[in-house]
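The points below may be read alongside the sequence and the model.

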Amino acid sequence: MRIIAVDAGNSRIKWGVWEDEWSHQGFVPTAQIDTLGEALNSLPACAIHASSVAGPDVRRWLDTWAQQRGREVQWLASSRERCGVRNAYREPTQLGTDRWAGLIAAWHLPLGYKDGWFVSLGGEY
């Protein structure tokens, strides 16, 4: 299955197309979201899965872009438990969806590690 994966953060919106491997990867500064359309318009039609901690304006923009092309964004939401991973936050939705996705991905890495720490650090590069 081919998907467009979008990770909308506070400073950058990263995207890529996945179909057995990554292709068509890129990013734009979140403050310049209007330039995202130029990059996404050239991508093949496929499902769109997204995570956003960038706020409602970014989410609205991507929803509108997808709807104009007859598609719907599948938004990742933090939950109490998913894919064998348990979220211990008192209020599960307080865990950012970017970190939630990272935890789930790390849990399913074929390294055999099931006990340990997942560390995610943010900041400007």
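1. Strands β1 and β2 form a hairpin, with three residues between them. Helices (H or I, at least four residues) and strands (E, at least two) are DSSP runs, numbered from the N terminus. The two strands run antiparallel and are joined by six bridges; two strands are said to pair if DSSP finds at least two bridges between them. Within this pairing, Val 6 stands opposite Trp 15 of β2.

2. **Basis of the model.** The model is predicted: local features need pLDDT of at least 70, side-chain atom pairs count only at pLDDT 80 or more, and totals for chains, interfaces and linings use all residues. Residues are numbered from 1 along each chain as its sequence is written, and side-chain values use heavy atoms, with hydrogens and water left out.

3. **Overall layout.** The protein has three helices and seven strands. Read from the N terminus, the order of elements is β-β-β-α-β-α-β-β-β-α. Of the 125 residues, 31% are buried, where buried means under 20% relative accessible area, exposed means over 50%, and partly exposed lies in between (1.4 Å probe, protein chains only). The protein exposes about 8500 Å², of which carbon and sulfur atoms supply 52%; these areas come from the Shrake-Rupley method with a 1.4 Å probe, and for residues only the protein chains shown count as cover. Contact means heavy atoms within 4.5 Å. Among contacts between residues at least 6 apart in sequence, 40% join residues at least 24 apart.

4. Asp 20 belongs to the loop between β2 (12–18) and β3 (22–29). Its relative accessible area is 72%, so Asp 20 is exposed.

5. **A further positive phi.** His 24 is not a glycine, yet its phi is positive, at about 50°. This residue lies in strand β3. His 24 counts as partly exposed because its relative accessibility is 45%.

6. Strand β1 (residues 3–8) runs parallel to β4 (residues 47–52), and six bridges join them. Ile 4 has Ile 48 in β4 as its bridge partner. Strand β4 also pairs with β5 (residues 73–75) in the parallel sense, over three bridges, and here His 49 stands opposite Gln 74. From β4 the chain crosses through helix α2 (residues 56–67) to β5 in a right-handed β-α-β crossover. Right-handed means that, with the strands pointing away from the viewer, the path from the first strand over the helix to the second runs clockwise.

7. **Asp 7.** Asp 7 lies in strand β1 and, with a relative accessible area of 28%, is partly exposed. Leaving aside neighbours within four places in sequence, the contacts of Asp 7 are Arg 12, Ile 13, Lys 14, Ser 51 and Asp 98.

8. **One side of helix α3.** Which residues of helix α3 (residues 97–107) are buried? They are Thr 97, Trp 100 and Ile 104. These residues cover an arc of only 60° around the axis, and therefore lie on the same side of α3; the arc is that of the directions from the helix axis to the C-beta atoms. An α-helix has 3.6 residues a turn, so residues three or four places apart point the same way. The cover over the buried residues of α3 includes β4, β6 and β7 (85–86).

9. **Two buried loop residues.** Ser 79 is in the loop between β5 and β6 (81–82), and Pro 92 is in the loop between β7 and α3. Ser 79 counts as buried because its relative accessibility is 14%; Pro 92 also counts as buried, at 10%. Leaving aside neighbours within four places in sequence, Ser 79 is in contact with Asn 87, Pro 92 and Trp 100. With the same exclusion, Pro 92 touches Ser 78, Ser 79, Arg 80 and Asn 87. The C-alpha atoms of Pro 92 and Arg 80 are 5.5 Å apart in space, while the residues are 12 apart in sequence.
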